Amino acid sequence: MTKNKKTVVIGVTGGIAVYKALDVVSKLKKKDYEIHVIMTDSATKFVNPLSFQTLSQNIVNYDMFCEPKAWEIQHISLAKKADLMVVVPATANIIGKVANGIADDLLSTTIMATKAPVVFAPAMNTNMYNNSIVQDNIRKLREYGYTFINPASGRLACGDEGEGKLADTELISKHIESMLYDKKDLLGKKVLVTAGPTIAQIDPVRYITNRSSGKMGYAIAEEARDRGAEVTLVKGPTSLEPPFGMSVINVRTTDEMLDGVLNNFNEQDIIIKAAAVADYKPKQYSEQKIKKASDEFNLTLIKGTDILKKLGQLKKDQILVGFAAESNDLLQNAEKKLKNKNLDYILGNDITASDTGFASDDNRVTILCSDGRNIPLEKMSKRQVARELFDLINEK
Ligand code: CTP
């Protein structure tokens, strides 16, 4: 991710999850955002403002009528400074106040006065959260354009089980980064990405697959989402957490991936096939577990559909991007695939390189374009590769 100096005003309201808001501040500070914290009176009963002050490296604001430190009117100046406001944790009280136009302390007046987007990350007892009044207030605020990061389910501080736990702090931080992303040039575009491996089932317990981690496809899908696209991710089995803010279709086999892609193909503007698709599948799937018998066991495999090639035949004005995983003659092989599969771009990567590829967070690719250009990129994070790819696509 790029360095930035955007300003995030974090409102902290009084619930037991206040301590988790410290982690959100710490995470955002590490990403180099300017952070200003406003605490409500009840929040200061849970955690001393000094903790937020130390992590944000700014004075914490909690009293609207305190001696002014400058000529500025605090709630107006913070409201103007904010590129984004986040309320974490957001109690039923602050949600209710904002939904009903009440502005009676520094946080609620700042929310009322700001023109920046405001995000609420609610945390409260599950019965409170599911109370129709709270749900009505949330619905009303959503209609006004406020964003909510839904709470998770689990065991709550009061001992109850259910919805109401503050969303994971990493997720909150990623949401904020996504909303503040410096490029929004894919707004209004639809992007479909495939990621991870597919599997070819032999019998109920055995299958053939490959080493794809899904990281490259995820990085592309997240870059597209953060740039404003409506993203569909068709993913094979991976150990990665499903990303937020996109529609995710889980598949296992090549045929399932083919269906997932074809069912959504027509309405897409850009399709990027980063998945490592299993090319062959057993000729015969055994319904029963295969027993060991002779010393040798032969498995006959048959070719499955080349999904990308099929898309190349079907494509109208969509932009189609593929990958070429090669262990030798990278450029020649990638170029062949670019032409055979009727692609606009192909990213060739050398799978024998020990410092990049499969499970690594980095990749080193050459992007080959249908207009004949070859663009070799340095070793960089998979996210940066995704950024370079969309920069290139958007040049058009
Ligand atoms: N691909 C696909 N369907 C397949 C095989 C590959 O859609 N059955 C896509 C991959 O997602 C990738 C591109 O085609 O974007 C190239 O995949 P790769 O494995 O490098 O090449 P193959 O076409 O399978 O050719 P080979 O295995 O002979 O190198």
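How many helices and strands are there in the protein chain?

**Figure 1. The whole protein chain, as a predicted model.** The protein chain has 14 helices and 21 strands. Helices (H or I, at least four residues) and strands (E, at least two) are DSSP runs, numbered from the N terminus. Residues are numbered from 1 along each chain as its sequence is written. In this predicted model, local features need pLDDT of at least 70 and side-chain atom pairs count only at pLDDT 80 or more, while totals for chains, interfaces and linings use all residues; side-chain values use heavy atoms, with hydrogens and water left out. Along the principal axes, the C-alpha atoms fill a box of roughly 80 × 50 × 40 Å. Of the 396 residues in the protein chain, 50% are buried. Buried means under 20% relative accessible area, exposed means over 50%, and partly exposed lies in between (1.4 Å probe, protein chains only). Take the contacts between residues at least 6 apart in sequence: 66% of them join residues at least 24 apart. A contact means heavy atoms within 4.5 Å.

**Figure 2. The hairpin of strands S6 and S7.** S6 covers residues 152–155 and S7 covers residues 161–165. The two strands run antiparallel, joined by four bridges. Strands count as paired if DSSP finds at least two bridges between them. Ala-152 has Lys-165 in S7 as its bridge partner. Five residues lie between the strands. In the turn, Gly-159 has a positive phi of about 100°.

**Figure 3. The largest pocket and its lining.** The volume of the largest pocket is about 1,000 Å³. The lining is made of 39 residues, and Ala-275, Ala-276, Val-277, Phe-323 and Ala-325 are the closest to the pocket centre. Helix H10 (215–226), strand S15 (301–303), helix H12 (307–314), S16 and helix H13 (330–340) each give two or more residues to the lining. The search uses a 1 Å grid over the protein atoms alone; a pocket is an open set of points where a 1.4 Å probe fits, with protein on both sides within 12 Å along at least five of seven lines, and lining residues have an atom within 4 Å of a point. Grid points are joined across faces, edges and corners, and the volume is the space filled by probe spheres set on the points.

**Figure 4. Residues listed by UniProt for "binding site".** The unreviewed entry lists Asp-279, Lys-289, Phe-323, Lys-337 and Lys-341. These residues span 63 residues in sequence, and the farthest two C-alpha atoms are 37.3 Å apart, so they do not all gather at one spot. Asp-279, Phe-323, Lys-337 and Lys-341 are included in the lining of the largest pocket. UniProt positions are given in the numbering used here, feature names are shortened, and annotations may be inferred rather than shown by experiment.

Figure 5. Is Asp-279 buried or exposed? Asp-279 counts as exposed, at 53% relative accessibility. Its place is in the loop between strand S13 (270–273) and strand S14 (280–282). Setting aside residues up to four places away in sequence, Asp-279 touches Ile-302, Lys-303 and Gly-304. Phe-323 sits in strand S16 (residues 319–326). Phe-323 is buried, at 16% relative accessibility. Beyond its neighbours within four places in sequence, its contacts include Met-216, Ile-220, Ile-272 and Leu-347.

**Figure 6. Salt bridges across the structure.** Side chains of opposite charge can pair when their charged atoms come close. The structure holds 26 salt bridges. A salt bridge is a side-chain nitrogen of Lys or Arg within 4 Å of a carboxyl oxygen of Asp or Glu. Asp-41 and Lys-45 form one of them, at 3.6 Å from N to O. Asp-41 is exposed at 53% relative accessibility, and Lys-45 is exposed at 62%.

**Figure 7. Two salt bridges, Asp-391 with Lys-183 and Lys-281 with Asp-255.** The closest N and O atoms of Asp-391 and Lys-183 are 2.8 Å apart. Asp-391 lies in helix H14 (residues 382–395) and Lys-183 in the loop between helix H9 (169–179) and strand S8 (190–195), so the pair ties together parts that are 208 residues apart in sequence. Asp-391 is partly exposed at 26%, and Lys-183 is partly exposed at 23%. Both belong to a network of salt bridges that also includes Asp-185, Glu-223 and Arg-383. Lys-281 and Asp-255 meet at 3.0 Å, N to O.
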